[in-house]
Amino acid sequence: PTSGHINITNPGTNVQLYLYILPLVASSTYTLSFQAKSKNGGNLDIRLQKHFASPYTNYGLLQTNIDLTPNWSTYSYTFTTANFTGSTTDSRLMFWLAPYDTIGEEYFFDEVKLVKN
């Protein structure tokens, strides 16, 4: 009952769930883990990028076409931050649902963790 739930009633070209202002350190290894499922087995992409102003530079994480199932599964991705120096909070961790979103699809997310290794 406390998981994030997205019900697609109108598909679009910019459908996303995101967290922003995440503190990151350049050239550091992180692990993103989360639990997810979708009603009809829909897919999603994950991006970690600059948040506040174009260009929305990738910060080292881009996973595409992640195949969710109707059952809860745990996903984990280890990556190294890139394309900035020092540290930043100008970041967006995005679960990108377009172009996979279809009418009636439902996405569920829980236990989202971004941990510096």
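Mentor: Let us begin with Glu-106 and Lys-39, whose side chains meet in a salt bridge at 3.8 Å, N to O. A salt bridge is a side-chain nitrogen of Lys or Arg within 4 Å of a carboxyl oxygen of Asp or Glu. Please note that this is a predicted model, in which local features need pLDDT of at least 70 and side-chain atom pairs count only at pLDDT 80 or more, whereas totals for chains, interfaces and linings use all residues. Residues are numbered from 1 along each chain as its sequence is written, and side-chain values use heavy atoms, with hydrogens and water left out.

Trainee: Is Glu-106 buried or exposed?

Mentor: Buried means under 20% relative accessible area, exposed over 50%, and partly exposed in between, for a 1.4 Å probe and protein chains only. Glu-106 counts as buried because its relative accessibility is 17%. Lys-39, at 46%, is partly exposed.

Trainee: How many salt bridges does a search of the whole structure find?

Mentor: The search finds 2. Glu-111 also forms a salt bridge with Lys-113, with 3.8 Å between the closest N and O atoms. Glu-111 is partly exposed at 42%, and Lys-113 is partly exposed at 42%.

Trainee: Which residues does Thr-31 touch, leaving out those up to four places away in sequence?

Mentor: Contact means heavy atoms within 4.5 Å. Thr-31 touches several residues, including Ser-76, Tyr-77, Lys-113 and Val-115. Thr-31 has its place in strand β4, residues 29–38, and counts as buried at 17% relative accessibility.

Trainee: With which side chain does that of Thr-31 make a polar contact?

Mentor: A polar contact is a pair of N or O atoms within 3.5 Å; within protein, one must be able to donate a hydrogen and the other to accept it, and residues adjacent in sequence count only if both atoms are side-chain atoms. The side chain of Thr-31 makes such a contact with the side chain of Thr-78, at 3.0 Å. It makes another with the side chain of Asn-117, at 3.0 Å.

Trainee: How many aromatic pairs are there?

Mentor: Rings of Phe, Tyr and Trp (its six-membered ring) pair if their centres lie within 6.5 Å; planes under 30 degrees apart count as stacked, over 60 as edge-to-face and the rest as tilted. By this rule there are 8 aromatic pairs. Among them, Phe-34 and Phe-95 are edge-to-face, with 5.1 Å centre to centre and 80° between the planes. Phe-34 lies in strand β4 and Phe-95 in strand β9, so the pair ties together parts that are 61 residues apart in sequence. Phe-34 is buried at 1%, and Phe-95 is buried at 2%.

Trainee: Which residues have the most contacts inside the largest nonpolar core?

Mentor: In soluble globular proteins, nonpolar side chains tend to be buried together. A nonpolar core is a set of buried Ala, Val, Leu, Ile, Met, Phe, Trp, Tyr and Cys residues joined through side-chain atoms within 4.5 Å. Here the largest has 29 residues, and those with the most contacts inside it are Phe-34, Leu-44, Ile-46, Leu-61 and Phe-109.

Notes: Helix = DSSP H or I, 4+ residues; strand = E, 2+ residues; numbered from the N terminus.
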